Amino acid sequence: MKKKIIKRLLIYLFVVLASIWAAFPFYWALTTSFKSKADVFKPLFIPFIQFQPTLENWLSEAMLRGEVIMLGLRNSLIAACTSAVLCVILGGMAGYALARFKFRRWKNRDIIIWFFSLRFLPPIAVAIPFFLIFMNMGLIDNVLSLILSYTVFFMPFSTLVLRDIFKGIPRELEESALVDGCNWFSAFRRIALPLAAPGLIAAFIICFALAWNEFLFALILTYRNATTIPVVIAGAEHSQGVDFWYICTRSVIAITPPVILATLVQKWLVSGLTLGAVRGAR
Amino acid sequence: MSGEERIKYLFLLPSVIMILSFIIFPLIYSLYLSLTNWQIGRVPSLIGLSNYLKVFTDYRVHNSLTFTLLFTIFTVSIETLFALGVAILSQQKFFGNRFFRVLFTAPFFTCPVALSYLSITIFYEEGGPLNNLLKLLFDIKVPWISDPDYAFLSLCLVDIWQWTPFLYIIFLAGLESLPKEPYEAATIDGASSFQIFRYVTIPLLAPVIITGVLLKIIESLKVFDIIYALTGGGPGVSTESYTMYIYKTGFRFFRLGYAAALSFILLIILMILFTILAFRLREVYYE
Amino acid sequence: MVRKKGRDRDNISTILNKQISRRTALSTAGKIAVTAVITGVIAGAGGYLAGSAAAPPKTITKTVRETVTETVTKTVTTTPAKPTIRFEGATVNVACMAGGPEGPHSSVLYYFKDEWEKLTGAKLNVIEIPFAELHEKVITDCVTGAGVYDVAKICATSLGDLVVGGYVECIDDYMKDPRFPKWDPNEVPEPVKRCVTWGGKWYGIPNDCDGIYLYYRRDLWENPDYRKEFKDKYGYDLPDPPKTWDEVRDCAEFFNGWDWNGDGEPEYGLCQSLKVNAQAWFKYLAVAACYSVLPGPVVDKYHNVFHFDPETMEPLINTPGPVKGLEMLIELSKYGPEAMLGWDIGPSWDFFVTKGKAALTWDWGDVPRMAQDPERSVIKGKLKAAPLPGSYEVWDREHDEWKKFDKPIRCGNILGCDWFYVILKHSKNKEAAYHLCAWLSAPEQLFKTVTVIWGSGVDPGWRCHFPPELSDGWGTGNLKEWVTVGGYDENDAKSFLRAVYEQYYKSDTFLEYLKIPGATELMDSLDVHINEALTGKRTAKEALDLCAKDWERIIEERGKEQMKKWYQESIGYGLPIKISPE
């Protein structure tokens, strides 16, 4: 019994520590957004006790930059959601193929390395050529150019992660279904996909987060109409320095949609079947 | 089995075609640029491999590569252990488990640009929150940004904070997808928690861990956003990363040829590394 | 075998039973989709509003300023009304740094947008770019042929790239054209003129005049106890203002490390922003210029040059003048907080203005503006400004010795980016674009820019900014308006404006602004090496020797002869300099 109590205490201790670690910068951003400009560089932690919170930064943002921020949020949402969904669908299919089938022209291992290699090149190297491509397609300053770019960049993540997940699902399950008369598509849809739900969600979250935070291409490929949240945040720096208070307000605004999304989907990060792998022996 | 023949291409090709159609031109164009001496206001002329050879005498390349390598090793190792630990922790039953999962995932959603600026206020030496706490507890003032070693540490801290959730999500998904049977068998055989972890979980999770770690290594080698605002590569050039030098060369100085060559050098290094690794990882990736 | 098959079957039936839970999966997916759609609609409505916003966004502070403006009688001379040229239907896209309706430089455009649109019938689009990427985006726009921007408010460092690339329009003809608003090139400081011209031709319409000035605390300098202590310690009166950097060093040392403002904590002698990849190299140039630039009537091989020898293109950055400057900067950096090696201007200004914990600093003309804001300043009314200190000796390369003078030689200006407008050649509305820029730089708008628009980020320097009593009778500005409309404390304003005038118009020489192609690369190398010296990794001479080697390499790579030609054009080689107004 004692061992169990100690284990419980340890678990809670680590959870609390990890939570403080993860939450502190958010807490700092939130409280700093309520500080007056003169208080930004002071070590004031607790509102009302150590400093007087003020709404002036939020009001100023809403009145002066509200439209730009809303535009950035909208574009970011569209670009990130669409590209993440595309990544998961296309990448999921590719990952499944690499997990289940044997390719003979190019070996699986080589295709996998090819997917990894897509991430080797720093984005800077291809920024201007991408700009030229989209300029010729007439898609400059259009969210569609961002969607296409992000799908191409982040597909390796979903492909590789989902390949591992699919590999971990016993092949016999689909083979039994095949024997029962399904074709591979059905087996994929009705057996592999549901079992891979945690992996699909994980891939979606990763691709979404990467697209949400992507800065360089959002900067290069957009001018005004397709501007995204990271570019709006970077706009808080100007020739007179950085407006840290606006960085904080915009960070808080920028983090909210992804966190809501993560909350909604995290239920699916748990697989119904396996119910946790390490519960094991106590 | 001709059905399977067609099916497998049907599954794989959409993504491959989409990727290829967008990256072929940029790759070729970039390769072409790396062989020229492109400058504003001048017709570029081919200069062969001299951009690549210049790397051997450019001390900033050596410096940034050293920093980037050290940074990668340090951050990836800590993040892997940290993420694995928290992923296992997340699978225990405790109050607020679902909230904790979202909370621990949230750092990955912060925009690196915003994080970099925010860190300036957090690491502010003359009275920011960290130094204030440290002064109260240990009466020390840590030069987070103005000293090269501490600047390295503060960048590592920021990266660990932001990217541990990345590995955490992958590991958690992997853990949740593990089959139940081995655990049942092990429990029946009377194994302890630790033995189960060591002999069942780790081997089964190995592919996922390796994929995650490889992906993170690649990303770490390209670290840029968090460094730019927080330390600017300083003090001096002690925290200038390889990609930051490429960015400056390509976009500030507009020496597109040299920047392209530097990018391809990274590509080549990683290609060699992965080909070597591929032989070692045959068991994991070989079909 | 049988056992395994049975288990598989169990698994399959459990899987198929999950069809029910798949319904919940679909419902959750549906919930996500609905949330996304709702968020999208809200964001889309906001985006729609952004797209169709005809009225400029309301500013909180603008209404207060406007009321104040209306109650003050205007004494600024206005250009006589003449029929204005109309540009119906034209659109002018202006690229400027992102600051919004109240931030630097963009606020000027937002403030005057309605008025100009009514005046000319054209449409003004302000396209904001994050500050750190302004140079990149403008050049990408030109180089790729996208051609979206008509006008760009750029930093002088970018001018070289744009001119040699053939991307900017030469405006000599526009300036002579009587149809456009008149701005007088003779009412602009000489260094600013040099920034916007190339080879004698005009390419930019000047606007900002951002120089670095010395700032120090009036309350400390006028305290009789401190003055006595200083005199006892150093043997001469507390210099007001300090005229050489040695005097600045003594003052900084004197005020460093004890509590002179009564808050119980020790204060510092000075503070500065010395972070790499930020603005440290400007602050270095402010110190080094007076030791290095030898005054003379003409820009020639030995006089009025700083960066390179105009005839051999040899870097001069490691000659004794700049080296002494760096040694002085290293010495000065001992009298401020250690953290300032990692400070950009934000924390530095916060330290000097908001916390009031430094006795002196040298910085842009934005500091007095910030000091007047009661929410962010504890030094309103306590600010004194002075032109940058000089030196009794300047390195003479011709005779390879230090040339001594009777009075300190001051090198004026030290321009920041000197933000000015350029018209891009690919623009389809060049005349409307020029009209906008010229109109914005006409005296009436220019005076409003530095007084009414609090966040304009534009610093004074034009004739119309200075009250005559502070500029030897030459200026056409009005001190009362600086106080009432601009919100300045009268003593602060007097001190500041006098300092600006003396710096621009009464110096002995000025520092040429490096704007040849590759200037960003050259300055980056300087920036990095200065920081290495400041952080103690190298000595000043070592650092600048390395910098000179880098510069040689950069010049070689870009073609020495070509760079030499461009350098001569950019500094106006062979042309006489004329600093003081007529």
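Modeller: The contact, which means heavy atoms within 4.5 Å, takes 104 residues from chain B and 114 residues from chain A. Please keep in mind that this is a predicted model, in which local features need pLDDT of at least 70 and side-chain atom pairs count only at pLDDT 80 or more, while totals for chains, interfaces and linings use all residues. Residues are numbered from 1 along each chain as its sequence is written, chains are lettered from A and ligands numbered from 1 in the order in which they are written, and side-chain values use heavy atoms, with hydrogens and water left out.

Between them, chain B and chain A bury about 10,400 Å², 77% of it on carbon and sulfur atoms; buried area here is the accessible area (1.4 Å probe) that two parts lose on being put together, summed over both.

Turning to charged pairs, the count between chain B and chain A is one salt bridge, a term for a side-chain nitrogen of Lys or Arg within 4 Å of a carboxyl oxygen of Asp or Glu. The partners are A:Arg119 and B:Glu219, whose closest N and O atoms are 3.0 Å apart. In general, side chains of opposite charge can pair when their charged atoms come close.

Across the interface of chain B and chain A there are also 16 residue pairs in polar contact, both residues at pLDDT 80 or more. A polar contact is a pair of N or O atoms within 3.5 Å; within protein, one must be able to donate a hydrogen and the other to accept it, and residues adjacent in sequence count only if both atoms are side-chain atoms.

On the side of chain B that touches chain A, helix α1 (residues 2–34) of chain B gives the most, with 21 residues. Helices (H or I, at least four residues) and strands (E, at least two) are DSSP runs, numbered from the N terminus. By class, that side of chain B has 73 nonpolar, 18 polar and 13 charged residues, where Ala, Val, Leu, Ile, Met, Phe, Trp, Tyr, Cys and Pro count as nonpolar, Asp, Glu, Lys and Arg as charged, and the others, Gly among them, as polar.

The C-alpha trace of chain A spans about 70 × 70 × 30 Å along its principal axes.
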